[in-house]
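Hi everyone, thanks for making time today. I'd like to walk you through one model, and please keep it open on your screens while I talk.

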Amino acid sequence: QVQLVESGGGLVQAGGSLRLSCAASGSIRSLNDMDWYRQAPGKQRRLVAAITSGGSTNYAGSVKDRFTISRDNAKNTMYLQMNNLKPEDTAVYYCHADVLETTGHEYSYWGQGTQVTVSS
């Protein structure tokens with residue numbers, strides 16, 4: 001089994017910054033593509049940013065130039081640096097990863113979610 005543990009969420013004023021972390025542990029051979037999603041109240045869960053095992057990135061248009069996704073493969077950890085936060089960024093943020101396990105099979109995992117609240 002693999003666990004994804006998120007940290008770094010909290011309360012922040014508009015214009016402020018937060019950095020989210022997602023640490024993977026368990027029966028991991030390697031982490032493949034990893035992503036951040038978010039879900040605002042009454043809304044669908046949406047992709048925020050994605051990063052491949054090789055470091056290629058993609059962003060939702062609403063966060064491009066404000067958020068930066070990165071990863072540290074040696075630590076099995078992914079990050080989301082969130083700058084110039086806006087009230088519309090308020091949501092539960094979820095870590096997602098495609099994991100190649102020690103069995104040789106690949107499975108997708110989700111973190112528990114962490115709340116980000118931006119006040120205006």
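A word on the ground rules. This is a predicted model, where local features need pLDDT of at least 70, side-chain atom pairs count only at pLDDT 80 or more, and totals for chains, interfaces and linings use all residues. Residues are numbered from 1 along each chain as its sequence is written, and side-chain values use heavy atoms, with hydrogens and water left out.

So, the overall build. The protein has eleven strands and zero helices; both kinds of element are DSSP runs numbered from the N terminus, with helices being H or I over at least four residues and strands being E over at least two. Read from the N terminus, then, the elements go β-β-β-β-β-β-β-β-β-β-β. The radius of gyration is 14 Å, close to the 14 Å from the globule rule for 120 residues, so the protein is as compact as a globular protein of that length. That radius is taken over C-alpha atoms, and the rule is 2.2 Å times the number of residues to the power 0.38. Along the principal axes, the C-alpha atoms fill a box of roughly 50 × 25 × 25 Å.

How much of the protein is buried? Buried residues make up 40% of the 120. Here buried means under 20% relative accessible area, exposed means over 50%, and partly exposed is in between, with a 1.4 Å probe and protein chains only. As for contacts, meaning heavy atoms within 4.5 Å, take those with a separation of 6 or more: 54% of them are between residues 24 or more positions apart.

On to the core. A nonpolar core is a set of buried Ala, Val, Leu, Ile, Met, Phe, Trp, Tyr and Cys residues joined through side-chain atoms within 4.5 Å. The largest one has 29 residues, and Trp36, Leu80 and Tyr93 have the most contacts inside it. Strand 9 gives the most to this core, with five residues. Let's stop at Tyr93: setting aside neighbours within four places in sequence, its contacts include Leu20, Arg38, Phe67, Leu80 and Val116.

Last topic: charges. Side chains of opposite charge can pair when their charged atoms come close. We call it a salt bridge when a side-chain nitrogen of Lys or Arg is within 4 Å of a carboxyl oxygen of Asp or Glu, and the count comes to three.

Where does Asp89 sit? Asp89 is in the loop between strand 8 and strand 9 (91–101), and at a relative accessible area of 1% Asp89 is buried. Arg38 and Asp89 meet in a salt bridge at 2.9 Å, N to O. This pair links distant parts of the chain, 51 residues apart, with Arg38 in strand 4. Arg66 also forms a salt bridge with Asp89, the closest N and O atoms being 2.8 Å apart. Arg66 lies in the loop between strand 6 (57–59) and strand 7, so this pair ties together parts that are 23 residues apart in sequence. Shared partners join Arg38, Arg66 and Asp89 into one network. Arg38 is buried, and so is Arg66.

Lys64 and Asp65 make another salt bridge, with closest N and O atoms 3.7 Å apart. Asp65 counts as exposed at 73% relative accessibility, and Lys64 is partly exposed at 49%.
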